Amino acid sequence: KQSDVPKNKETHTGSLIEQLTTEKYECMVCCEVVRIVAPVWSCQNCYHVFHLNCIKKWARSPASQAEDGNSGWRCPACQNASVQVPKTYTCFCGKVHNPEWNRNEIPHSCGELCGKRRQCLDCPHLCNILCHPGPCPSCPAFVTKTCECGQTSHSVRCGQSTKIHCSNVCGNTLNCGKHNCTQVCHAGKCSPCQLTVQQVCYCGSNFKEVLCGSKEESSDGFGSFSCQNICGKKLNCGRHSCKQVCHPQPCQLCPRLPQVVYRCPCGQTPLSKLLELGCVERKICTDPIPSCGKTCGKPLSCGSYEFIHTCESLCHEGDCRPCSHTSNIYCRCGFKKKVSVILGGFFFFFIAAITFMCDKRCNKKRSCGRHKCNEVCCVDTEHKCSLVCGRKLNCGLHRCEEPCHRGSCQTCWQTSFDELTCYCGESVIYPPVPCGTQPPECKKTCTRPHDCDHP
């Protein structure tokens, strides 16, 4: 009877009151009618009513315990777990113990105002009807609520969970702090600003577009990003250009200014000493830096760990000349070496080292243990075999398609989804049947016919 309770709260409460008053409500535990004067207990989750003694017995039974064993006992109707076992008979609102039955009041109620808080979190009002079974009805009060964007107000039922939306444009400030939201009144935060702004690199030669308000939009006053090209801005001297990669800070001083240069080009002699010997004092950055006349001696990039090559020219400005020394170049595997003239510095030495390969073939076994490496001037530490295995698998029908390997091949991965029967058809192996499986052994009498009429 209680399984036909409607979903509406008011109808649910009214149905419970009618069935308890006319003694037509049954206890789900003992399946007996709940009498008007019988002590009862009501579940606060599903509002089913049970005999107090029945629910005590049920709560102590093993069948009522929660699955984890630590959450107490479960309600017979809704399976909601409770920790404490009910001990006393109280009214529906819980204020009065052992309520007396009054013909003019709801059975098992105290006859006073319910006063329980409603399930809706937004409603501050207590239930204002008499002590009753079932859920408390919706709050009848009206409150004023603002819409999602906060521009308009509406009078709605207290506890209404639905959000209010107006037809106005939101207009709230977006994450960039510069533009306003253009969406119609909406729930949640406004979407990030979708407008794009143009940024310039530190050197001012390249541009890119980024989203307004994003982290990439930040600027330090010199620009917003580095384009990784040579800066090229005029230095403070007005005659030379910056040779640094696009950078945020101001360009450095001209490296040729008289107040910056204190030594000769090779760095061995101070300019003050050369001035004493009669050299002309430098006035501007374009004036040549006096030479000391000694051998340059700067280390060149073509040297090795064993021997460092140095510049043999006299003290000079600009880059050093190409090295005229010879150097030993080894092949990749180190089996052969040759003497090479280093022309053009380290770059040509590096190219020569890459292109020089000996003709010795590697005789080491590959990872499969069956084939040799045979690579020319081999430098590999692991000689992996690139051939296909090709050996027959355990089924005898297919070959291994894995790269050549050591040990036995894996079992055949192909499977048949047809039934495999013995020769007479009496014994059957049902699919999936692994490839190479033999027909099942059958001990029954053969039923296949001969060409003649004999069995």
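Modeller: Helices (H or I, at least four residues) and strands (E, at least two) are DSSP runs, numbered from the N terminus. This is a predicted model, in which local features need pLDDT of at least 70 and side-chain atom pairs count only at pLDDT 80 or more, while totals for chains, interfaces and linings use all residues. Residues are numbered from 1 along each chain as its sequence is written, and side-chain values use heavy atoms, with hydrogens and water left out.

Colleague: Okay, where is Thr13 found?
Modeller: Thr13 is part of helix H1, which covers residues 9-21.

Colleague: And is Thr13 buried or exposed?
Modeller: Thr13 has a relative accessible area of 7%, so it counts as buried (under 20% relative accessible area, against over 50% for exposed and in between for partly exposed, with a 1.4 Å probe and protein chains only).

Colleague: Which residues is Thr13 in contact with?
Modeller: Leaving aside neighbours within four places in sequence, Thr13 is in contact (heavy atoms within 4.5 Å) with His132, Pro133, Gly134 and Pro135.

Colleague: New topic: how do S7 and S8 pair?
Modeller: Strand S7 (residues 196-200) and strand S8 (residues 207-211) pair in the antiparallel sense over five bridges, where pairing requires that DSSP finds at least two bridges between two strands. Gln198, for instance, has Glu209 in S8 as its bridge partner.

Colleague: What about the residues between the strands?
Modeller: The hairpin of S7 and S8 has six residues between the strands, and Gly204 in this hairpin takes a positive phi near 85°.
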